[in-house]
Amino acid sequence: DLELCIKLAGLQLYSKFGKFNPEVHKEGFLRSTLLEYIPGTLIRKRKPEEWEALLFEAHEGVDSDHPELDYIAVCKELEYYGCALFPVKQMYDKKLQRRLILGVNRKGIL
């Protein structure tokens, strides 16, 4: 989910770099490290400068004394939080990819 991705990236940036500073955090600042904040499955959906603008907007919107705890609080709400993940091969449904990731947590199998 793009919105969630951007929110978490904003918290990561705040944790790593502190409060947003327009003098420092400008186009090109994140160009070589975008994959640290945007999943590989999403990165090609926008141009690098568009991602930077979205991330800086999220970074600027963070006002927290404990961004790491806020990050974890967001993650705890995710269905797959706390899952043990296992690579599996499925051979029964041709509509699904052959290689899948199976998640197991206290709620069951995902």
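How many bridges join E2 to strand E3, and in which sense do the two run?

A: Happy to walk through it! This is a predicted model, where local features need pLDDT of at least 70, side-chain atom pairs count only at pLDDT 80 or more, and totals for chains, interfaces and linings use all residues. Residues are numbered from 1 along each chain as its sequence is written, and side-chain values use heavy atoms, leaving out hydrogens and water.

Now to your strands. E2 and E3 (residues 108-109) are joined by two bridges and run antiparallel. Strands here are DSSP runs marked E of at least two residues, and helices are H or I runs of at least four, both numbered from the N terminus. Two strands pair if DSSP finds at least two bridges between them. Across this pairing, Asn 105 sits opposite Gly 108 in E3. With two residues between them, E2 and E3 make a hairpin.

E2 (residues 99-105) also pairs with E1, again in the antiparallel sense, over six bridges. There, Leu 85 has Gly 103 of E2 as its bridge partner.

To place the strands in the whole: the protein has three helices and three strands, and from the N terminus on they run α-α-α-β-β-β.
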